[in-house]
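Here's a quick briefing to read with the model open next to you.

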Amino acid sequence: MAKIPSALVQPWPSAGSIGADRRGLLASGEGIYVTDGHGRKLIDGPAGMWCVNVGHRNAELAKVMQEQALELSYNSPWYTTSSPADALADVLADRAPGDLNHVFFTTGGSSAVETALRIMQFANNVRGRPEKKLMVSRQGGYHGSTYLSASLNGRPRDQDWMDSATHLVRKLSSPDPFRRPEGMSIEAFEDGLVAEFAALIEKERAERIGAFVAEPIQASGGVIVPPPGYLKRMRALCAENDILFIADEVVTAFGRLGSVFASRDVFGIEPDMITFAKGVTSGYFPLGGVMVSARLFEELRRSNHPDAMFAHGLTYSSHPVGCAVALKNLELLEGGILDHVNALSGHFQTSLKSLEDLALVGEVRGLGLMACIECVADRVSNNPLTLDLEVGKRIDAHCQDLGLLVRPLINMCVMSPPLTITIEQVDTMVDILRRGI
Ligand code: PLP
């Protein structure tokens, strides 16, 4: 059937449907629910795109947006600042681990990662180490859709037809315990991953590697929770070799794992930079940012090149409306939602885990209020189902008929509902998934 042209181009179209594809009209949202174009009320299983953390139609966030737009709708971040931007920067510096006392605001996650990478490049130029620019990321990772951030992405399908700065990037294995070699212990698997990074440093030489960029939990890669000591050991290798550890917390920050930033509170690490976006405004306004270490900035201030310009900025950096929304959002998260997530996470994970008794399900894994159901061809081989079966999409279609929106990822379904979901609503969600699968 010939596709009908559409003026709206949505992300990730295929060449055969570009400009002729319109997907999934939603009409409204309320709490954990959205209503689609046919009037069907659905649980928002992915919370939009891992971001509607306080839920839809939050009147307090809407009110703050209106008030701030009427007070000061915009200011140039180059020459001026605003009270919400100053206040938000202070609060985030207070909540961030270690000496991450500075924040550069961006418009979302890709621009946050892009900014972090450009800070690394700039810093190493100023420090007189222009050779130290390689970026290390991992298979299965996702970091954005701008040129540098996308170059870090490690899902093969996303790079098949897209150019990227491959000469600047080296990729390590995904720390995916489910896909570790048969018979290997988790400890041996973790040792192997750390040894792989050590070998890469040896081969490329520390003097050439600028940054290691990692999501604490690979989100779009299928909610990959790494082996227990992995992040600490990778962080230690970075410190030993003067490689900046950039934690991409675009998904894991702002409540998804029960804390404002997960690096220290959940994983016990203090990165050199943390990128964030999404949940910082619960998706009500496009905002992101990079937390940067005071030590790094101190070094730049004392460098031999005080006139060197960090020629990087975005018209909407530290947008006053976005910052005002983020402040109120943080107040809501800290006013009870984080506690709710911590109290509910156990039940959320255990109930979803019960789906492992279904023949199609190879593993259910996750942490906090993020989880992934991975479907397999059979439970003996655990081979992923082939792309053309589109099992994730088919589960999504069945679940939508039953009242639940799912985020399909080839053979996986990702669940990351609004953090305000109740225990009863979790049970309904799992019941629908069981019938849908
Ligand atoms: N980093 C991570 C871990 C993400 O999951 C995403 C988006 O899903 C991004 C970066 C890019 O963020 P954005 O889509 O806001 O540019």
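This is a predicted model: local features need pLDDT of at least 70, side-chain atom pairs count only at pLDDT 80 or more; totals for chains, interfaces and linings use all residues.

Residue numbers start from 1 along each chain as its sequence is written. The protein splits into domain 1 (15-57 + 336-436) and domain 2 (62-330), with bounds that come from an automatic or database domain assignment.

**The two domains**

- The centres of domain 1 and domain 2, taken over C-alpha atoms, are 26 Å apart.
- Domain 1 puts 26 residues into the contact and domain 2 puts in 19 residues; two residues are in contact if their C-beta atoms, placed from the backbone, lie within 7 Å.
- On the side of domain 1 that touches domain 2, the elements giving two or more residues are α1 (47-50), α11 (320-353), β11 (361-367), β12 (370-375) and β15 (412-415). Helices (H or I, at least four residues) and strands (E, at least two) are DSSP runs, numbered from the N terminus.
- The largest share of that side, five residues, comes from α11.
- Sorted by class, the side of domain 1 that touches domain 2 has 16 nonpolar, seven polar and three charged residues. Here Ala, Val, Leu, Ile, Met, Phe, Trp, Tyr, Cys and Pro count as nonpolar, Asp, Glu, Lys and Arg as charged, and the others, Gly among them, as polar.

**Around the ligand**

- The ligand has 14 residues around it, and Gly 108, Gly 109, Ser 110, Gly 144 and Val 250 come nearest; a residue is near a molecule or strand if its C-beta atom, placed from the backbone, lies within 6 Å of it.
- Helix α4 (residues 109-126) gives the most to this shell, with three residues.
- By class, the shell holds six nonpolar, six polar and two charged residues.

**Helices α2 and α11**

- Helix α2 (residues 59-71) packs on α11 at about 150°, with axes 9 Å apart. Axes are lines fitted to C-alpha atoms, for helices over the stretch in contact, and angles run from 0 to 180 degrees between N-to-C directions.
- That angle makes α2 roughly antiparallel to α11; under 35 degrees counts as roughly parallel, over 145 as roughly antiparallel, 65 to 115 as roughly perpendicular and the rest as oblique.
- From α2, the contact takes Glu 60, Leu 61, Val 64, Met 65, Gln 68 and Ala 69, while α11 brings Pro 320, Val 321, Ala 324, Val 325, Lys 328, Asn 329 and Leu 332.
- The contact of α2 with α11 counts nine nonpolar, two polar and two charged residues.

**Helices α7 and α8**

- The axes of α7 (residues 186-204) and α8 (residues 230-240) come within 10 Å and cross at roughly 15°, so this pair is roughly parallel.
- In α7, Glu 190, Leu 193, Val 194, Phe 197, Ala 198 and Ile 201 meet Tyr 230, Arg 233, Met 234 and Leu 237 of α8.
- This contact has eight nonpolar, no polar and two charged residues.

**Helices α12 and α13**

- Helix α12 (residues 391-402) and helix α13 (residues 423-436) pack at about 130°, with their axes 9 Å apart, and are therefore oblique to each other.
- Ile 395, His 398, Cys 399 and Leu 402 of α12 make the contact with Ile 432, Leu 433, Arg 435 and Gly 436 of α13.
- By class, the contact of α12 with α13 has five nonpolar, two polar and one charged residues.
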